[in-house]
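Please consider the structure shown below. The paragraphs that follow lead through parts of it in turn.

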Amino acid sequence: MEEQLKIDFEKSFKNSSFSTKNINVKKEFLNKFIKEGLPNKSLENWKFSDISQIIKKEIGDLSFYNDISSPSKIDPSIYLNGLEQNSIVFVNGRPEKIDFQFEEKNKLEILDDFELNKDYSNINSLINLNNAFVDKSFKIVIKENYSFKKPLVIYHYTNKKVKSKNINLRLNFVLEKNSSLKLIDVLNDASEKNFINTFYNFKISQDAILKNYKIDIKNNSNIKYIFTNIEQEKNSLSETFIASSGSDFIKNEINCNLNGEHSSAFVNGIFSLNKQKHHEIRTSINHLTEYTKSSQLIKSVLENDAKAVYQGKIYVSSKAQKTDGYQLSKAILLDETTEFNAKPELEIYADDVKCSHGSASGSLNENSIFYLMSRGLNYKEAKELLISGFLLDVIEKITDSEIKSLIKKMIGLQE
Amino acid sequence: MKIESSQTSREKEIENLKKYKYGFSTDIESTKAPKGLSEEVIKFISNIKKEPQWLLDWRLKAYYRLKALKEPNWQKPKYPKIDYQDLYYYSAPKSFKEKPKSLDDLDPKLLETYKKLGIPLQEQKRLNNIAVDAVFDSVSVATTFKDKLTEKGIIFCSISEAVQKHPELVKKYLGSVIPLTDHFFATLNSAVFTDGSFVYVPPGVRCPMELSTYFRINASDTGQFERTLIIADKGSYVSYLEGCTAPMRDENQLHAANVELVALDDAEIKYSTVQNWYPGDKDGKGGIYNFVTKRGLCKGKNSKISWTQVETGSAITWKYPSCILKGDNSIGEFYSIAITNNHQKADTGTKMIHLGKNTKSKIISKGISAGFSDMTYRGLVDISKKANNSRNYTQCDSLLMGNKCGAHTIPYIKNKNSDSNLAHEATTSKISEEQLHYCQQRGLNSEEAVGLIVNGFCKEVLQQLPMEFAVEAQKLVGISLEGSVG
């Protein structure tokens, strides 16, 4: 792999406009990645999902240079119907279209800035890989007191013409004071067996609101890692929803720092998995100051060799008195071949806090099925009704009603 | 001026004595093996204990294995590197070269020590219905109540005695739950273990009394590596209790014991620990490193193993008493109170490994941290594919006193069986002002009030202890938290 990395790395800045300084910084990250390699299960955070083994088994050797000099056509069928939207479309890692037709142009700024972030390079080696190979890095700034009129949808589309086995993406958002953004990430893949490594960074200023919905429901054989870092200031709010069911492997990792008083973070997610899929959500919510709040709810339905992992951590620093932290994960295992692993973790250094977590897993309740069947449903209907009720519980947590019904429709859950 | 200073030093002395009641060291000459870990030392230990060849080979195998192993470092409380070549691996009171025949032959000074500890052997023999096996440094001193147990066919003796007298049992079960190659500290213990208790309860026998061991580290620079092996044959029952203390010393001492329990069909083992090793002084200097491997195997159908622990001592406690639920319908239980104060650190919990059908486990863990201490619950519940209809219930509650301490919960939950149910709950809170106020209104001072509330918080676990020890443990809980309020 080392040889390939070095060759591809040379190629990656031949046609690009990076400054020598940037190239040197990137080189540093590359060397760091070469030294550490892909994360494996000897690392605590990757204990349940050994990505190094998974890539080896599913993809084999990776290639890293993603040539994005030539444009591709956008297949119009990828767009979400029935939603007025702003959109950014990535095709095979190349930004093909940026469209903010519903917004006031002077209220937002799109910078093609290149800011490699050293702060997160210690979290895991995939961030170093991202830093070394990422080609374009957008920074989208939403100005003070401006609320997005329509949601922004980012389409992550790949097809068979992709030029590399590994795609690295990077997006930065800055929400200035009292602004708000609704962001939907749609992962839509027609490519096979690629490793897609995405890094999101959000800075949410005072009184700003971010709502982020990550949707991965289309079946595909790609392996994905999405790291989301959220920095929150006073009175800010972040809501993250993850629908995890399409890719063969996906790990969503969320690191959220509650830096300002009265800031709050909500993470909700559903896993609906079958056919040997292996998905993971790992969260790390860091309560760093007083009066902060967080809540997490993850529900999974698994069948047919599927495996779901939830690692959730609530960290409360000694300064963060009056913290309210809550975390719950529930799983239904539909047959013998499935596996659910959880590690709900509390790390608390302050005494005046309210923190709790719960985790439960088991089979469908036979009594409930009996109840429904005695009222005229057949077994299959009864089962489906129970499962959709179980998952709807999470979807009901979505605070935006338009997006809520859209997601319900996309997932195919009846009310 | 002079008088004043001597007075303060005297006061200090008294204060020190108050703090750790068991912090005295007995002046008894002891035989030590040469310092350091080597083949010679292991041969020396084996030789002095007149062990058969197979055991020496077993020890050496562990020693070679150890060379390939690395000390684990994933635990939360970090500690300075231990120099394993700077420890004594064997230390026995000198007067022991010729084994005493009865309690009356014991060195009077030794007996004095136990009296100070609060376990006067003779008295207990007379008054209490408890058989005591006391381990002093590394050698088992005397086992009381032998006759009464022999009558029932129960074997309760030191493990060195068992090696001589019941080699077939030891050979069969030693290392069957904690294999030689398990992990660094377990392997270290296998190579150098010096003594410990051995219990065998024959089929269908209900042990008529609580069996009890008292451990004490006396000599400085010694590690204590005892090995306990308890076998409950078909349909039997035994309840076993261990207590631990150590003198106050500035340096850290290592305690790496291995405890193996085997429960055959329909058998039940109840294992209780009251651990009060020296926790180090107020500034975190000295104290015991308590790195113990405890594991029980529910080998037979309908067997049950129950761990109860009250952990109040040690500078660092790092242990996970575990149950392997192999037999169908077997039950594993874990009840724990862990209290850390000053600079103590604890990383403790349990592992419940469900392999058999209809297996059940229950985990109740109560953690209390005060001062500058750090307390972690780390547990694993693993339900394998074949463990149909298994159940687990886990509850871990933490209580924090002050904002200089930490309380952490790290449960690992693995479920591979759709037929099984798992539930986990955890909460963290502090003692509320209202609760304190309520108690104080009724005439308790703040320290008593905290004691009362904490005892209430721990009650679920304390109830699991045998009666005599529940009272002692309750007191211990109070003592450990002294000075942490206000």
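How many helices and strands does chain B have? Chain B contains twelve helices and 24 strands, where helices (H or I, at least four residues) and strands (E, at least two) are DSSP runs numbered from the N terminus. This is a predicted model, in which local features need pLDDT of at least 70 and side-chain atom pairs count only at pLDDT 80 or more, while totals for chains, interfaces and linings use all residues. Residues are numbered from 1 along each chain as its sequence is written, and chains are lettered from A and ligands numbered from 1 in the order in which they are written.

Of the 486 residues in chain B, 53% are buried; a residue is buried if 20 or more other C-beta atoms, placed from the backbone, lie within 10 Å of its own. Among contacts in chain B with a separation of 6 or more, 83% join residues 24 or more positions apart, a contact being two residues whose C-beta atoms, placed from the backbone, lie within 7 Å.

Helix α9 of chain B, residues 184-192, has eight of its nine residues buried. Among them are B:Phe185, B:Leu188 and B:Val192. The buried residues of α9(B) pack against helices α2 (39-48) and α3 (53-68) and strands β8 (227-232), β11 (258-263) and β13 (287-298) of chain B.

In chain A, helix α2 (residues 20-36) packs with helix α4 (residues 125-133) at an angle of about 145°, their axes 8 Å apart. Axes are lines fitted to C-alpha atoms over the stretch in contact, and angles run from 0 to 180 degrees between N-to-C directions. The residues in this contact include A:Phe29 and A:Phe33 of α2(A) and A:Leu129 of α4(A).

Definitions and conventions: Buried ≥ 20, exposed ≤ 12 C-beta atoms within 10 Å, placed from the backbone.
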